[in-house]
Amino acid sequence: MQITEAPIGSLLLQAVRAHAALATSLLADLGLVAPQEVVLLYLQDHGRMPQAELVRFLGRDRSTVTATLQAMERGRLIVRTPSRTDQRAMDVDLTDTGRALCPRIRAAWAELERLTFGRLAPAQREQLKAGLTAARDAARAHHENKETRP
């Protein structure tokens with residue numbers, strides 16, 4: 001269904017939902033759910049870090065991230081340990097199991113990209129990236145501007 005007053009927005013929402021459904025399926029094949037794969041890749045790229053940094057990166061509330069990390073810890077994908085510098089904080093790092101999963105996650109993301117955007121010509125991909133970047137930046141700027149107004 002396309003909303004007449006928002007044809008691009010409604011189509012974008014449909015594309016996001018279809019993309020997310022496909023991503024969910026590919027992640028399930030790895031025994032993961034979103035955003036576990038993002039946490040693993042972020043830790044692989046940045047190394048051990050405070051849990052608060054993952055909360056900031058994911059843009060979710062602390063309790064939601066804590067629940068995600070607890071599930072990942074039970075699955076032996078990550079380990080959380082008390083911070084060496086702040087007794088109130090926890091640090092998060094990959095386990096060998098989590099680290100070994102990262103190449104498979106990257107392959108799943110590449111497959112997701114191929115399945116979703118593989119029919120687009122290179123020029124169409126570039127146009128789509130530019131358009132989505134501009135739309136994202138405009139929405140963020142409007143939202144941030146709205147939050148700073150009294």
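The crossing of helices α2 and α5 is left-handed. The model is a predicted one.

**Helices α2 and α5**

- Two packed helices are described by the angle between their axes and the distance between the axes.
- Helix α2 covers residues 36-46 and helix α5 covers residues 96-117; their axes come within 9 Å and cross at roughly 115°.
- Helix α2 is therefore roughly perpendicular to α5.
- Buried residues in α2 include V39, L40, L41 and L43; Q36, E37 and Y42 of this helix are likewise buried.
- Just after α2, G47 adopts a positive phi of about 80°.

- Side chains of opposite charge can pair when their charged atoms come close.
- Nine salt bridges are found in a search of the whole structure.
- One of them joins the side chains of R48 and D91, with an N to O distance of 3.3 Å.
- This pair links distant parts of the chain, as R48 lies in the loop between α2 and β1 (49-50) and D91 lies in strand β3 (residues 90-94), 43 residues apart.
- R48 counts as partly exposed because its relative accessibility is 30%.
- D91, by contrast, is buried, because its relative accessible area is 9%, under the 20% cut-off.

**Further salt bridges**

- In helix α5, R114 and E111 are three residues apart, so about one helical turn separates them.
- The side chains of R114 and E111 meet in a salt bridge of 2.8 Å, N to O.
- R114 is partly exposed at 47% relative accessible area, and E111 is also partly exposed, at 28%.
- D137 forms a salt bridge with R136, and the closest N and O atoms of the pair are 2.9 Å apart.
- D137 counts as partly exposed at 37% relative accessibility, as does R136 at 40%.

**A nonpolar patch on the surface**

- L12, V16, L128 and L132 form a nonpolar surface patch, and together they have about 300 Å² of accessible area.
- At least two residues of this patch come from each of α1 (7-28) and α6 (122-148).
- L128 is found in helix α6.
- L128 has a relative accessible area of 33% and is therefore partly exposed; this value is over the 30% that a patch residue needs.

Definitions and conventions:
Residues are numbered from 1 along each chain as its sequence is written. This is a predicted model: local features need pLDDT of at least 70, side-chain atom pairs count only at pLDDT 80 or more; totals for chains, interfaces and linings use all residues. Side-chain values use heavy atoms; hydrogens and water are left out. Patches are made of residues with over 30% relative accessible area and no salt bridge: like charges are joined within 9 Å, nonpolar side chains (Val, Leu, Ile, Met, Phe, Trp, Tyr) within 5 Å. Accessible areas come from the Shrake-Rupley method with a 1.4 Å probe; for residues, only the protein chains shown count as cover. A salt bridge is a side-chain nitrogen of Lys or Arg within 4 Å of a carboxyl oxygen of Asp or Glu. Helices (H or I, at least four residues) and strands (E, at least two) are DSSP runs, numbered from the N terminus. Buried means under 20% relative accessible area, exposed over 50%, partly exposed in between (1.4 Å probe, protein chains only). Axes are lines fitted to C-alpha atoms, for helices over the stretch in contact, and angles run from 0 to 180 degrees between N-to-C directions. Angles under 35 degrees count as roughly parallel, over 145 as roughly antiparallel, 65 to 115 as roughly perpendicular and the rest as oblique. A crossing is left-handed if the near helix is turned anticlockwise from the far one by less than a right angle, and right-handed if clockwise.
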